[in-house]
Amino acid sequence: MTIHKQEEEKLLEKFEHIADQLSDNGYAIVDNFLDPNEVHSLLGVLTHHKELGTFKKAGIGTSNQFTVDKQVRGDYIRWIEPTETLPPTQAFLDHMDEIMLYLNRTCFLGLKDYEFHFTLYPPGTVYQRHVDQFKENDHRRLSFICYLNENWLPAHGGELRLYLPQPDGSEKQVDILPIAGRLACFRADLIPHEVLAATRPRYSLTGWMLDQLNDLTFL
Ligand SMILES: O=C(O)CCC(=O)C(=O)O
Ligand SMILES: [Fe+2]
């Protein structure tokens, strides 16, 4: 088998894993979703945006109900403009295109577009328990978070905590460390979650697969 073919098969395995886990459990975790080189170059882009001062304090809600509350959400974000991406960001978006097509073929989710931002949580900041789908705009179907934290240890904290609804009405907690290359993906309408405080700055790419074209979501 050629190296190219082997890589394609590995990618397909990852996609299958995401589709199976999503339909069985409503969430999927994939380690080494990004390889160390991809993580490193995306971190370079993140640092570049940070140095240009284009990260903004994240708010809560859609544009017409936008509030900034440090207690609820302490992260800073930089939205990706698909028309002006640097090569590592474009490679990442190409990956997302492939996953979107795959999930539409296998899970019939009717995904049409996505939106992503670079994210930075300063040490000690959190994002309190929430669901990602907005009440007044329900086009976010799946949440995707790719972590960019090299040499992250359990002692650094910063877990993503999912609250999984159980058939008996209770909730099961799952804690996910934000280690480099890991992808966390879950149903944006169903799964409450929170980000716990970390002792180090916590970096990621965060985004959503939408069932409508992004520039139409103001409708
Ligand atoms: O960074 C994470 O682990 C989750 C982020 C999140 O919940 C969000 O941005 O809506
Ligand atoms: Fe969230």
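Helices (H or I, at least four residues) and strands (E, at least two) are taken as DSSP runs and numbered from the N terminus. The model is a predicted one, in which local features require pLDDT of at least 70 and side-chain atom pairs count only at pLDDT 80 or more, whereas totals for chains, interfaces and linings use all residues. Residues are numbered from 1 along each chain as its sequence is written, and chains are lettered from A and ligands numbered from 1 in the order in which they are written.

Asn151 is located in the loop between strand S6 (140-147) and strand S7 (160-165). Because 8 C-beta neighbours lie inside 10 Å, Asn151 counts as exposed (12 or fewer other C-beta atoms within 10 Å of its own, C-beta atoms being placed from the backbone). Between Asn151 and Phe186, 35 residues apart in sequence, the C-alpha to C-alpha separation is 25 Å.

Ligand 1 is surrounded by Tyr127, Asp132, Ile145, Leu160, His193, Val195, Ser204 and Thr206, a residue being near a molecule if its C-beta atom, placed from the backbone, lies within 6 Å of it. At least two residues of this shell come from each of strand S10 (193-195) and strand S11 (202-210). By class, the shell around ligand 1 comprises 4 nonpolar, 3 polar and 1 charged residues, where Ala, Val, Leu, Ile, Met, Phe, Trp, Tyr, Cys and Pro count as nonpolar, Asp, Glu, Lys and Arg as charged, and the others, Gly among them, as polar.

Terms used
Buried ≥ 20, exposed ≤ 12 C-beta atoms within 10 Å, placed from the backbone.
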